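Okay, everyone, let me put this one up on the screen.

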Amino acid sequence: MSALKQKLTDLLAGRVKASTVIGTGYKNGRKSASEYLRTQLANSMLSEKTKVSTVIVNSQGRGFKTEAAAKRSKGYTQLFNGTADIFVNKTITDYGVWPSVLGDGYEIYVCAK
């Protein structure tokens with residue numbers, strides 16, 4: 001877990017490129033890499049039954065400053081309205097906002113089956 005946390009810290013500080021974490025071809029690589037690492041970190045601390053499908057952060061790859069900011073975000077609004085197209089052939093079963101695993105604010109978590 002500490003290796004993932006260090007990699008995320010290095011990514012946000014600019015010491016690691018997003019392409020080394022998730023490869024190339026992403027529209028916003030830093031955000032995508034941050035979400036991937038945060039999902040891995042969260043799932044490493046959760047039980048098998050409570051694992052999340054993804055975590056959503058702001059466009060810079062950092063956690064939202066406040067819980068209210070996370071709930072005002074485009075991602076949360078789409079989840080709330082039922083218009084999110086995050087997954088193909090999966091149904092979103094739960095979503096919400098929780099404190100960031102890294103401690104830099106709040107993240108949106110999404111569970112899908």
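So, the buried residues of α3 are covered by, among others, α1 (2-13), α2 (18-22), β1 (54-56), β2 (92-99) and β3 (106-112). Quick caveat: this is a predicted model, where local features need pLDDT of at least 70 and side-chain atom pairs pLDDT 80 or more, while totals for chains, interfaces and linings use all residues. Numbering runs from 1 along each chain as its sequence is written, and side-chain values use heavy atoms, with hydrogens and water left out.

Helices here are DSSP runs of H or I, at least four residues, and strands are E runs of at least two, numbered from the N terminus. Buried means under 20% relative accessible area, with a 1.4 Å probe and protein chains only. In α3, the buried set includes Ala33, Leu37, Arg38 and Leu41.

Now the strands. β3 is largely enclosed by the rest of the structure, because six of its seven residues are buried.

Last stop, the loop between β2 and β3, where Ser100 sits. Is Ser100 buried or exposed? Buried, at 8% relative accessible area. Its side chain makes a polar contact (N or O atoms within 3.5 Å, one able to donate a hydrogen and the other to accept it; sequence neighbours count only if both atoms are side-chain atoms) with the side chain of Asp104, at 2.7 Å.

Key:
Buried means under 20% relative accessible area, exposed over 50%, partly exposed in between (1.4 Å probe, protein chains only). Contact means heavy atoms within 4.5 Å.
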